[in-house]
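Colleague: Please take one part of this model and go through it closely. Start from the whole, then work down to the detail.

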Amino acid sequence: MALLEIHSLTKKFGGLLALSNVSLTIGEGAIASLIGPNGAGKTTLFHLLTGIYAPDKGEIRFLGRSLAGLRPDEITGAGMSRTFQNIRLFGGMTVMENVLVGMHSRISIGVWEVLFRNHRMRLKETAARQRALDLLTLVGLEGREREWARHLSYGEQRRLEIARALASRPKLLLLDEPTAGMNPSEAASLMRLLKKLLGPFVQSILLIEHNMRVVMEISDRVTVLDYGEKIAEGSPAEVRGNPKVIEAYLGRGEWTTHA
């Protein structure tokens, strides 16, 4: 079953064509990568998927349902969650509080429960905190729940973003350059984490990534964008040997394999 279906997606910003008739499908149980040189339209595609932008043309279907007109919070509620290229944590909140924020779409609390903090409210609060602790353990941040988010290292902040995204219980997890700024050891550790997430925690993962070693080692399928157009799609081996992909990357000196 297709988890995500994108048909002829197009987005313009004034005279700039950011995406042009892009189509792709993400199946269940897959780790898919979206790659391309800087400015290829990758993050624009993520913004369209999550309701930050509205497409000028085309359709996005998630679990068979059109996402047209849905707000970002409604899309999160439908089962799609993401991280950002530039870390967007709440630095003045604790690690625990950042994860709890990610649960807002899954916790139903009435006004009277909040006002009187009744037994039901306390049970929900306890369950939420326990789930947050479990997610922090999963991403390797156990024992750090009371620290300020801004005091974490860069790699740890990336992991906290993933924990917060998982807090909404997504079926599809979108990761925008998750290994950016990481050293080889951190990137390898993150790859192990992503493989662990697939199945028990999310049905599929779609990531934007510039580190080709990560892409080649972790992806079931790779889609390549260049100047807003899809120029290749297939297995990592197929994409890596595609002349159009080689030209798009090597022509600009952006093919990186560190990690």
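Modeller: The accessible surface of the protein comes to about 12200 Å², and carbon and sulfur atoms hold 52% of that. These areas come from the Shrake-Rupley method with a 1.4 Å probe; for residues, only the protein chains shown count as cover. This is a predicted model, where local features need pLDDT of at least 70 and side-chain atom pairs count only at pLDDT 80 or more, while totals for chains, interfaces and linings use all residues. Residues are numbered from 1 along each chain as its sequence is written, and side-chain values use heavy atoms, with hydrogens and water left out.

Of the 259 residues in the protein, 47% are buried. Buried means under 20% relative accessible area; exposed means over 50%, with partly exposed in between (1.4 Å probe, protein chains only). The protein has 10 helices and 10 strands. They are DSSP runs numbered from the N terminus: helices are H or I with at least four residues, strands are E with at least two. Among contacts with a separation of 6 or more, 70% join residues 24 or more positions apart. Contact means heavy atoms within 4.5 Å.

Now the part I picked: helix H7. Helix H7 covers residues 184-197, 14 residues in total. From its first C-alpha to its last, H7 reaches 20 Å, close to the 20 Å expected at 1.5 Å a residue. The expected span is 1.5 Å times one less than the number of residues. The buried residues in H7 are Ala 187, Leu 190, Met 191, Leu 193, Leu 194 and Leu 197. They sit on the same side of H7 because they cover an arc of only 165 degrees around the axis. That arc is taken from the directions from the helix axis to the C-beta atoms. An α-helix has 3.6 residues a turn, so residues three or four places apart point the same way. Pro 184, Ser 185 and Arg 192 are exposed on the other side of H7.

Look at both ends. At the start of H7, a side-chain oxygen of Asn 183 comes to within 3.1 Å of the backbone nitrogen of Ser 185. Just after H7, Gly 199 has a positive phi of about 110 degrees.

Next, the strands, for context. Strand E3 (residues 31-35) is mostly covered, with five of its five residues buried. Ile 31, Ser 33 and Ile 35 point one way from E3; Ala 32 and Leu 34 point the other way. In a regular strand the side chains alternate between the two faces of the sheet. E3 pairs in the parallel sense with strand E8 (residues 204-208) over four bridges. Two strands pair if DSSP finds at least two bridges between them. In E8, Ile 208 is the bridge partner of Leu 34. Another four bridges link E3 to strand E9 (residues 221-226), also parallel. Here Val 224 in E9 is the bridge partner of Ile 35.

An open sheet of four strands runs E2-E1-E4-E5 with antiparallel pairing. Strands E2 (16-27) and E5 (65-66) stand at its edges with a single partner strand each, so one side of each has no neighbour in the sheet.

Phe 62 lies in strand E4 (residues 57-62). Its relative accessible area is 2%, so Phe 62 is buried. Not counting residues up to four places away in sequence, Phe 62 touches several residues, including Leu 3, Met 80 and Leu 172.

Technical notes: A polar contact is a pair of N or O atoms within 3.5 Å; within protein, one must be able to donate a hydrogen and the other to accept it, and residues adjacent in sequence count only if both atoms are side-chain atoms.
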